Amino acid sequence: LETHQNTQPNATVLGRNYPNPFNAETIIPYELTDATDVTLTVYNLSGQRVADLVKGLRPAGTYQARWDGRNDAGQHLASGAYLIRLQAGSITQTRKLLLLR
């Protein structure tokens, strides 16, 4: 699930998710200065991809993606630390998330 505001940010940036740590759901904000192909992916600490949250071309603006702690197959993931990675054009940014069940 993703929302979009049609604004013109100053930088492409992956914001801090909130709440963090989270139980049921977390919101992951990000901003794009230009229209570009975007992937927002969740990885476990072993580097395995567990969920693709956003994939595809997005116009410039401010976005919020939601993650409910499930993998792409819909299974609840275990409590622990996960990494969220934003790839937008040539920019890659990563942040740590903490899921508590």
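The legends below describe close-up views of a predicted model. Residues are numbered from 1 along each chain as its sequence is written, and side-chain values use heavy atoms, with hydrogens and water left out. Because the model is predicted, local features need pLDDT of at least 70 and side-chain atom pairs count only at pLDDT 80 or more, whereas totals for chains, interfaces and linings use all residues.

**View 1. T39 in strand β4.** T39 lies in β4, residues 36-44, where strands are DSSP runs of E with at least two residues, numbered from the N terminus. T39 counts as buried because its relative accessibility is 19%, the cut-off for buried being under 20% relative accessible area with a 1.4 Å probe and protein chains only. Neighbours within four places in sequence aside, T39 is in contact (heavy atoms within 4.5 Å) with V54, K55, R85, L86 and Q87.

**View 2. T62 in strand β6.** T62 belongs to β6, which spans residues 61-67. Its C-alpha is 6.5 Å from that of L32, although 30 residues separate T62 and L32 in sequence. Beyond neighbours within four places in sequence, the contacts of T62 are T3, H4, Q5, T7, P9, Y30 and E31.

**View 3. The largest nonpolar core.** Such a core is a set of buried Ala, Val, Leu, Ile, Met, Phe, Trp, Tyr and Cys residues joined through side-chain atoms within 4.5 Å. Among the 21 residues of the largest one, Y30, L40 and W67 touch the most other members. Two or more residues each come from β3 (26-32), β4, β5 (49-58), β6, β7 (80-88) and β8 (91-99), and β7 gives the most, with 4 residues.

Terms used:
Buried < 20%, exposed > 50% of the residue type's maximum accessible area, 1.4 Å probe, protein only.
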